[in-house]
Structure formats: structure tokens, C-alpha cells
Amino acid sequence: MIDETFARRFAASWYAAWNAHDLDAMMAHYADAIQHSSPFIARYNNDPACAPLQGKAAVRTYFGRALERNPTLRFDPMHVAVGVETVLLVYRRMTGEVAAETFAFDGAGKVVKSVSHYDATT
């Protein structure tokens with residue numbers, strides 16, 4: 001079971017890695033068998049089906065491409081929510097849009113599934 005302390009530590013580390021554009025630190029949060037889905041997969045991977053990414057190598061390539069295309073990328077934390085096996089982060093992107101991401105963890109505290117959500121009204 002995930003508790004508030006774990007969730008807040010994860011959030012602080014995750015935001016710090018992304019805001020520093022430190023791809024190695026970003027990937028340290030994820031298990032080898034990570035599955036990641038995001039509406040932006042269609043754009044960054046030229047995949048109209050927007051299929052979830054499977055495995056750390058595929059996710060790393062995708063995140064690296066996102067950083068290259070968005071040199072001013074920044075996430076400003078808004079809220080951390082704790083589930084039984086998940087953490088939900090709500091944040092504001094550098095464009096002002098609100099986004100949310102759900103993370104599911106393995107027993108070692110690594111993310112095995114992440115699902116990104118973006119503001120549909122902007």
C-alpha cells in the first residue's frame with residue numbers, strides 16, 4: 001500500500017528530474033517493464049493509433065524526444081493524490097494547461113504503469 005510520505009517523495013523527485021531535463025534521473029523512477037500511455041505518443045512517435053509504449057527503452061526514447069521538442073518544458077505541481085497502489089500528480093505545464101498523470105508501482109517502488117492526461121479544454 002502506498003502512503004502519503006512515499007507519494008510526496010516520489011512527486012518531489014519526479015518533478016525535479018523533469019524540470020532539470022535530466023533523462024537519467026527521470027528514467028530512474030521507472031521499472032524495466034514500464035507501460036506508458038499518453039495522447040502525445042501520436043505526435044512524438046508518429047503513431048496515429050497512440051499505442052501504449054512498452055519497456056524502458058521505448059519510454060526513454062519517447063521522453064528524450066519530448067525534451068528535445070520542448071526545451072522550456074516545466075511542470076508546476078498542483079496536487080498529489082494517493083491511491084492503494086497508485087499516485088496521481090496534477091500539475092500545470094509550461095503552456096498553462098493542467099495535466100494529470102497516474103502512476104502504478106511495483107514492490108520496489110518503481111513505476112510499472114503511467115497514464116498521462118491533458119486538459120481537453122485548451
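## Two buried tyrosines

Tyr 15 and Tyr 91 are both buried in this model, which is a predicted one.

## Aromatic pairs

Across the whole structure, a search finds 14 aromatic pairs. In one of them, Phe 10 and Phe 105 have ring centres 5.0 Å apart and ring planes at 85°, and because planes over 60 degrees apart count as edge-to-face, this pair is edge-to-face. Phe 10 belongs to helix α1 (residues 4–19) while Phe 105 belongs to strand β5 (residues 98–105), so the pair ties together parts that are 95 residues apart in sequence. Phe 10 and Phe 105 are both buried.

The rings of Tyr 15 and Tyr 91 also form a pair, with centres 6.0 Å apart and planes at 80°, so this pair too is edge-to-face. Here the link again joins distant parts of the chain, since Tyr 15 sits in helix α1 and Tyr 91 in strand β4 (residues 86–93), 76 residues apart. Phe 10, Tyr 15, Tyr 91 and Phe 105 are among the members of one aromatic cluster, which also includes Trp 14 and Trp 18.

## Helix α1

The 16 residues of α1 should span 22 Å at 1.5 Å a residue, and this agrees with the end C-alpha atoms, which are 22 Å apart. Within α1, the buried residues are Ala 7, Phe 10, Ala 11, Trp 14, Tyr 15, Ala 17 and Trp 18. Because these residues cover an arc of only 160° around the axis, they lie on the same side of α1. Just after α1 comes His 21, which takes a positive phi of about 55°.

Note on methods: Residues are numbered from 1 along each chain as its sequence is written. This is a predicted model: local features need pLDDT of at least 70, side-chain atom pairs count only at pLDDT 80 or more; totals for chains, interfaces and linings use all residues. Side-chain values use heavy atoms; hydrogens and water are left out. Rings of Phe, Tyr and Trp (its six-membered ring) pair if their centres lie within 6.5 Å; planes under 30 degrees apart count as stacked, over 60 as edge-to-face and the rest as tilted. Helices (H or I, at least four residues) and strands (E, at least two) are DSSP runs, numbered from the N terminus. Buried means under 20% relative accessible area, exposed over 50%, partly exposed in between (1.4 Å probe, protein chains only). The expected span of a helix is 1.5 Å times one less than its number of residues. The arc is that of the directions from the helix axis to the C-beta atoms.
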